[in-house]
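Dear colleague,

Please find the structure we talked about just below, and keep it open while you read the notes that follow.

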Amino acid sequence: MIKEKLVSALIGTLFFVVFQPFGISYFDICQKIIIACGLFVIAFVSCLACEYIIRYVLRMPFDVGRGPSYMMKRGIVFQICNIFILTILLSLYFHFFVSNEEVDNHLSVENCLSMFVACLGACFFIGLYWRNVYWKRHYAKQLEEAQLLNGVLMERARTLSDSLSTGATDADIITENPVDLITLEGSTKESVSLHLCDFLFAESEGNYVCIHYAEASEHKQSLVRPTIKDAVAILCIKSHVMQCHRAYIGNLSHVASVESRSSGIGLKLHHCDIVIPVSKSYVNEVKERIKNPR
């Protein structure tokens, strides 16, 4: 945390050094170095104060595991707090230490408003930098987890290689009992009956649900008219079949590989080579069921 606050303070200091607002350009090089050191110390103190307020007063802990959306929200709150604290501290700093006969930075409404705008610009660059950092960290973590899941799937495939060589899939072995026959029907005459082990995934399409399944190792699909909620109640009777997105239900025993995405993960399925999305609200449960099938 200290390292990150030092980086933020450095970015804020560089903003003032590069743009040299408030007559900084009128000072000689030695004075500029001293001013920059003061700016760095104030920016660092402001970042520490904001961290304390965000963490202990507003109860928003620093937790990258909560995802980029949470970190972005936390970052916005942090920068809003930082802008006001920086404006106050820097206005006082410039009033006492960065004013002379040529440069008037004494406290005034106009100078305080100008300082607020300058701090807004500095905090914008700080927030932009950390937004990119957290997105990269999150994506790297997603990629690492996807590789781990793919390792689990490959090991499972090797264990079941004899069965897979005959055209069976994990689903055939997990669901050897052929009595798992399900029927989906809706408000119209259309209906589809299939063994759960042949089910690949279901996708909501307007008022209909498209059922994708394997028949003699060929990808087929049927359109029926239950709601996605009704389809969940009918299909998710086994732990390896679950809703993974507001518009998708997937059979995890047919997952061939896992793809990493910034918004979550995608599941590539056997027989159809289609990648179905997994939304953030389901991603942890999907990962757990892939690792530990029941």
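**A buried valine**

With a relative accessibility of 9%, V283 counts as buried, because the cut-off for that word is under 20% relative accessible area. Please bear in mind throughout that this is a predicted model. V283 belongs to helix α8, which covers residues 280-291, and, leaving aside residues up to four places away in sequence, V283 touches I265 and V278. If you look for N207, which is 76 residues from V283 along the chain, you will find that the C-alpha atoms of the two are separated by 26 Å.

**A buried isoleucine**

I42, a residue of helix α2, can be read in the same way. Its relative accessibility is 14%, so I42 counts as buried. When residues up to four places away in sequence are not counted, I42 touches L86, L89, L90 and Y93.

**How two helices meet**

In general, a pair of packed helices is described by the angle between their axes together with the distance between those axes. Here, helix α1 (residues 2-19) and helix α2 (residues 29-57) have axes that come within 8 Å and cross at roughly 135°, which means that α1 is oblique to α2. The crossing in which α1 passes α2 is right-handed. On the α1 side the contact is made by I2, K5, L6, S8, A9, L10, T13, F16 and V17, and on the α2 side by A36, L39, F40, A43, F44, C47, L48 and E51. Sorted by kind, the residues of this contact are 13 nonpolar, 2 polar and 2 charged.

**The nonpolar cores**

Which residues have the most contacts inside the largest nonpolar core? They are F16, L90, Y93 and F94, in a core of 23 residues. The elements that give two or more residues to this core are α1, α2, α3 (68-97) and α4 (109-159).

With best wishes

Methods
Residues numbered from 1 in each chain as written. Predicted model: local features only at pLDDT ≥ 70, side-chain atom pairs only at ≥ 80, totals over all residues. Heavy atoms only, no water. Axes fitted to C-alpha atoms, helices over the stretch in contact; angles between N-to-C directions. Helix = DSSP H or I, 4+ residues; strand = E, 2+ residues; numbered from the N terminus. Parallel < 35°, antiparallel > 145°, perpendicular 65-115°, else oblique. Left-handed = near helix turned anticlockwise from the far one by under 90°. Contact = heavy atoms within 4.5 Å. Nonpolar A, V, L, I, M, F, W, Y, C, P; charged D, E, K, R; others polar. Core = buried A, V, L, I, M, F, W, Y, C linked by side-chain atoms within 4.5 Å. Buried < 20%, exposed > 50% of the residue type's maximum accessible area, 1.4 Å probe, protein only.
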